[in-house]
Structures are given as C-alpha cells and as structure tokens.
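The sequence and structure are shown first.

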Amino acid sequence: MMTVRYRFFGIFLVGMMLISTAANAKAKAKEKVIQKRDYVTHRLIGKAPVIDGDLNDAAWKEGEWQTGFTQFQPYNGKKPTQKTDFKILYDNNDLYVAIRCYDTDPQKIVSRLTRRDNIDGDWAGISIDSYFDQRTAFGFLVSAAGVKLDGKFTNDGGNIDPTWNPVWYVKTSEDSKGWYAEMKIPFSQLRFASKDKMTWGIQIARYIFRNQEQVFWQPIPRDAPGFVSSYGYLTGLNNIKPKKEVALMPYVMNSLQTNPVDAADPFSKPRTFRATAGLDGKVAVSNDLTLNFTINPDFGQVEADPSEVNLSALELYFQERRPFFVEGSNIFSFPIAMGNGTTNNLFYSRRIGRSPHYYPDLTDNEYAKVPPAARILGAFKLSGKTQKGWSIGVMESLTSKEVATVDSLGKQWKQPVEPLTNYFNARVQKDMNNGNTILGGMVTATNRIIHDSTLLFLPKAAYTGGIDFQNYWKKKTLHFAATLLGSNVSGTKEAITDLQEAPQRYFQRPGSPRSVDSSLQVLSGSGASVLFEKIGGGHWYYGVRANMQSPGLSLNDQGFMQLADIIQHSAWVHYSIWEPFSIFRTFDVSSSEWAGWDFTGENTYSGQNIYLGMQFKNYWYFEMNIQHQGYELQRHELRGGPGLLTPPNMEYYFAFSSDSRKKLIFNMGYSYNLAAQGEKIAHYYDFGISYQPISNLKLSINPTINQVYKGLAYVDAISVGNREEYIVSDISQMQFSTNIRVNLSFTPNLSLEYWGQPFLFSANYSGFKKVIKAKQYNFASQFHKFTPGEISYDPTNEEYNVVDNNKSYSFSNPDFSVFNFRSNMVLRWEFVPGSTVYLVWSQNKSDSNSDGSFVFNRNLKKLEELRPTNIFLVKFSYRFSM
C-alpha cells in the first residue's frame, strides 16, 4: 500500500513538472514587455494644503492629475470598473499625495472603522521606493473610513513589516462622485540620498472592496517575480534634503494587580501596586541608518500568549508581540533553512526578557516569590540600508540578574534564578548585480555573568554565525539560495553535559551519532541549506530544497531550533489560475514530498501531499489537503531512550469560508487523521463566525475542538536494577478552546479591543506498557503490555504499582486536566501622532487536577469557579520630535 502511494505521488509530481515545462515554453512565446510609467511631481509654489480630505485647497490646482490605472486582480491587465486618479506635490519638508477614488455607485463604497494597521473595506495608498534599490519600499495606505495602514516592504516585496509606524497625516472624505484621500508624508519618515535630482520608485494602489478588485497605476503582471522592482518612477524631486529626526517617547505606567489569596503562602497578597517609567527613542543617525532604543521598557499592553499544553519533549514556538522587538524584525531574521517557512532561526527575540531558567527546589512548608521574567534594563537597534546596497541591523540588549525570595516557616533568604545577561546580534546584507545577487551574514553573542553555583548549569557564552547567498536570474523568475552556519557554546562541564542531553540532541539515546562526553566544556556544531525555485514567469511554480543541522549545533541561547542531528529535503510544484473562469474566481493545485534522516543515515520520516484551493465567483472559498506520512522514527518520545517507530498515517483536511465581503462571515474546517495498525485516530474541528453589525463594531468567535487517540504516550523512565524501564501508554486527549474578539473603534485613533480565550484540556492514560524492542515495523511488538496481575492502582497515593519479573516499581498517575482562561481588554488612544494612552485590563484563571476525563459542563463549571488574577494598567507615552 505504501509503495502504491509513493508511486502515485511520484507520478503526480513528475507529471506536473513535465506539463510545467511545456506551459513555460508557451508562456515565453507570448510574453509581453510592460513599460515603466513616469510621474513628474511638482514643487509647491503657494501655500501647502490643509490635510482635511476635501482637496479644495489652491495647492491642488498646481501639478498634474494622472490616471490610467489597470487591474491587478481579478482580471490582471484589464480596465478597472471604477476610475482613479492622483496627484503628488512636495515642498522642502513634506510630500503631499491626493487620490481621487471615483465611484459610479457611491452607496456601495464600504467604509469600516477599525484600529490602525487593521484596515477593512475600500482603501487606497502609495508605496515609495525612496532608496531606489528596487527592493525596499515604504507603504502608506488609508481606508475610506480614514484608518491608516503603513508598512515597510523588503526583499522586493517578499517581506512586509506592518509594525513600522511612521508619523504621517491623512484625512478622507466622500461625496456623490466617490471618496478622496489627502496625505502629508514628512521626508523625515523616509530614507533617501542627498542629491540635487532624484528618481524614486512609486506605486499607487486602490482596492474596491465589493468586487475584491485591486488596481495599480503601474501595471504589474500576476506572475511577476517581484513587487518593488516593478514600480513606476517618480521624478521631478529637486533640491530636497534628507531630514535627520530625533524622536523621544518617555512613558509612565501605573498598575494594580488583584490576586486570589493563599493563606499559607506568605507572598500571597490580595493587591499589588506598581509604578514605573521608561524611555523609548528613535534617532536618525544618518540619511540611511536609524537608531531605536528603549530603557526600562514595559509591555503591559501586549496581548497574552494563547494557552497551550505540550506533551512532547520539544519546545513550542510563541510569536513575538512586544512592539520594540516586532518592529523591523525581518531585518534580524536568519532562517537556518532557506525557504521552508519554519520558525528555526539564529535569532528568536523571545529569549530576551524570558522567564528565569531556574526555579528554587522547595520542600514542604516552603514558598517562593519568583520574578515572572528577566527585566530588560535597556536595548537598542541600529538598522537601515545604505545607498551602496548595504542592509545593516545591529541589536544590543541587557537583562538584569533576577533573584527569588524563599520562605520557610518565616525564615527568608534570596536565591538567584537568572544571571545578568547580554544579548548582541548583527545582520548585514549586500545587494549586487542590480539587486539580483545578495550576500549576507549574521552573528549572535549571548554572555552571562554567573556567580552563583545554582546557575552553573547555564552556558556562560554562546556564539552563532552564518552566511547566506541568493541569486536571481531570468528576470527574477528563478531563485537560488544557500546558507552556512555554525555555533560555539562554552560553560562548565555540567552546562555542556546538559546541552548534550537536551531534547534537541539526546546524545544518550541508543543509536545517536554522538555519545555524551561529560568532560567537555565547549560544544560546537554546524548547519547548511540550499534552495532552488521558480517563483514567477507563468502559472507554474516549483522548487527543491535541502538542509542539515549537525548533532552539536546549538542555537537556543538566542535563537530557536527544535532539532539537531537532522538532514532533510523537500520538493514541490504548484499551479495557479488567478483569472476567473467557469465557476471559479481563482484556482490553485499543488503537490509536495519530503523526507528526513539523522547523521547515521537512518530515515526518520517521509511524506507527500496534494492540495487544492479555490475561490468561487460567489466569493466563497474551499480548500482541501490530503497528506500521507510514512513510518516515523520517534527519536525523542522516550526523553533519551531508544527511538520508536510509529506506523504510516493519512490525514484528510477540508475547509470552507463564506463571502468575506459580507457583514456576517462564517467558516469551518475539519481534519481526520488515521494511522495504520490502529496507532492513531484524530479529529480536529475549527469553526468561526464574524459579524459586523455596524461599521465600527466587529464581533468574532472561533471555537476549536481537538480529539486524539494515540497508542504511544511517554509516562516515565524508571531505574530497575541495572537497566532503565521506559513506561508508555495509550492516551485519549480532548481539547476545547475558543477565541472571542470584540473590536470597537470610536475614531481612527481611538479603539477598544477585547480578546478572551477559555481553554479546557484533558489527557487520560490507559493500557500501560513498557518498551521491550524498539524500531519494529509491527507497532505493538515494541512493547509489553502489563496484565492486570502485573499492575494495580493505589488511589490513596495516586500511583500505579508494577510487579514485573519479580521486581517492583511504581509511577505516578499521569492523568490530568487543565482549566485556563486568559483575556485582555485594551483601550488605545493615539491623541496626537506618535503619542498614546493605554487603559488595559488583563485577567487570568488557571488550575489543573489529576482527573483525565473530559466532561464539558463539569470542566467549564470548574473554570467558572476559579478566582481570577486581574491586572488594571494605565500607560501614557508622549512623543517629542526634534
């Protein structure tokens, strides 16, 4: 059966590649050259316009209106359904943009009030390549309701950073002919050379929401391999000088935290007050480079992480949400495998200000007050791009030494839990060959000042570095990329031994390519990746990639890497139809295959999939994915024990969503996973409803249900005589969670947002067994299942007792349930550009017990009865510009 599946997927891939070759030959024959357009701007002679959205100032009588837009989608290159024109003026300090969005039926203009960077409905805007490197651009968009969306495009539009928040001014208005946008963009928010005459790249865009129609001033084919490189030109900019802005944003914050009280815990207080202050700043060091810094930052307004239960040995990845680290994060990104979309990276900013590594080992009647995170004393980042094509990013952060207070029957002492730590990283890239060749590199350095013996399990110094190379040709339709990286970590013998035995490596595992060397004080490793892909020039896209991470590679002091000791490859082919035909608005089909090995050459996994995605002409969307996963070697399930083989499985996924233009939108997804030999059955349900009763209020709820039965779950490792017994079991797990959101906007600069997530999880372990013979294709033959005469349960001590081959041992009942509720409510008011007031209410309820049965009403009631921790916060920041 597995051979048939492999053959089917292989034939499918090869067939699609052969069709691709023929299709590309045809496409080349009818390829047409699109001429670059040129807009000549005009320096203002008279008074600058007042930014009110009316376009009735005398200034707008100067200069030239230009039209001639074409559709980007759905009918690429066709005439738009509505007329658009624009005008650009400038003076010594600012660029002025007016966009007239005419509409033959203005009643159908969709104007929805949202918060900044989350626009909805009709919109229009300008994107400016002021570097004129044809890779980087600054976007300024506005919705018909006057809500801003700004962002920075890098990598020829391949990366978009929506967290970039420049200070600029815009207003909109509507009348019987359509709607209008009037903008003022200070030159201080852009980066450009000091020249008497300049040429910039520009694109003017409009989105007509009711048709899901996007139109551009400069035509761009849907199969264009790049975005910014396809822009038209802005000329006529004469004798303007770059502005070096200094912006300081001090903040003050006060908070009140209310807590459930534990009478036995001397640190448990019903209320905690806190006041703090800090400073954020932005300094234009040169025409090209900007210095951002923060001193004693606080991120109390940031939404909490969603609840998760991790039953694996591997670390989970959490998205960065703190503004200082989110803004411009693409500059500091160095994926360790090019193009695969994983989270593995040389830099993972959540390491900075993380929870302490150490928690005091407490005995009965002992309590500890442990800081929730290492305080960031200060951080800065220098970033930008020079006129000679150098992209530069340098970041330096310092976190404080953290100390816990331990109490034992009234006697208290201090216990260090996190050392003073310095984090440094630097990223550079150089554009060459008109942006077709890019060479870059990155280094990171993590240094800890450790004086306490309890923290000697941490590395004292960790250094990583890498170089990356990219090349484009055939008008950027073909892309090759490669990376090479390495790591060097030093510390005590205890620290390096811990790294060798960590889940990323498990050198103690039988069959590992390396064994544990407890005398080492340095651990080094390397990695590499290559990628070749076709990314434009027709409806077909395809590629192949491969990467490896050596057993000794260690990135997690400042980066993120789930696994070392891995070699993997993948290949894919994709066909896309973007113009409406028959009943479809768009249609996509793709297939891929992948496989991995460890450094002994042993195959650890393989798989294939087929994907279909389509939008219909009624704007409904449907997608499906069929995936086959072969035998998988679970090297990490036994936490350093032998690897276990799990049987092949098939997964079927289906999802649909309704017309996203409507006030009421709903979607549903369902996934079914079935493994051979009865090893796994899983059902996943995803529902979503979004409702916008009025233009400034949006309500949404997204419940998910995940029900899984597996024949393999780690329980314990027990030393019995001179050997280790690995205890595993079957597991039935059930998870229910719901994301609830309410977004209410009073004005484009004043909004109220609420997010809440109830989370229930239960895991019931049964059918306990021990590992007897690993790596068997017959799944059950890897285990000995305990008979009723060999195992018994002691409910008083909540443990299982085993008598096995005349030897007795026990392990704790692993069943558990988790009850959690998290929420944030944030009132955000940007009272002047760059200056903000936050009012925040955060709530958290959390508990667990040893009952693994899932009874929805009972578990929900348990969650409701929990006493919450509440945080009420007021934060005020004001921007001073110099």
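## Salt bridge R321–D305

In this predicted model, R321 and D305 are joined through their side chains in a salt bridge, with an N to O distance of 3.6 Å. Both residues lie in the loop between β19 (289–295) and α2 (323–326), so the pair ties together parts that are 16 residues apart in sequence.

R321 has a relative accessible area of 27% and is partly exposed. D305, at 19% relative accessibility, counts as buried because the cut-off for that class is under 20%.

## Other salt bridges

The count of salt bridges comes to 33. One of them pairs K476 with D156, whose closest N and O atoms are 3.8 Å apart. K476 is placed in the loop between β27 (461–473) and β28 (478–490), and D156 in the loop between β10 (148–154) and β11 (159–161); the pair therefore ties together parts that are 320 residues apart in sequence. K476 is buried at a relative accessible area of 10%, and D156 is buried at 8%.

R322 and E320 also form a salt bridge, their closest N and O atoms being 2.8 Å apart; both residues are buried.

## Nonpolar surface patch

A nonpolar patch on the surface is formed by W620, L664, F666, I689, Y691, L699, I701 and I740, which together have about 650 Å² of accessible area. At least two residues of the patch come from each of β38 (664–675), β39 (680–694) and β40 (697–720).

I689 is located in strand β39. Its relative accessibility is 45%, so I689 counts as partly exposed.

How values were computed. Residues are numbered from 1 along each chain as its sequence is written. This is a predicted model: local features need pLDDT of at least 70, side-chain atom pairs count only at pLDDT 80 or more; totals for chains, interfaces and linings use all residues. Side-chain values use heavy atoms; hydrogens and water are left out. Patches are made of residues with over 30% relative accessible area and no salt bridge: like charges are joined within 9 Å, nonpolar side chains (Val, Leu, Ile, Met, Phe, Trp, Tyr) within 5 Å. Accessible areas come from the Shrake-Rupley method with a 1.4 Å probe; for residues, only the protein chains shown count as cover. A salt bridge is a side-chain nitrogen of Lys or Arg within 4 Å of a carboxyl oxygen of Asp or Glu. Helices (H or I, at least four residues) and strands (E, at least two) are DSSP runs, numbered from the N terminus. Buried means under 20% relative accessible area, exposed over 50%, partly exposed in between (1.4 Å probe, protein chains only).
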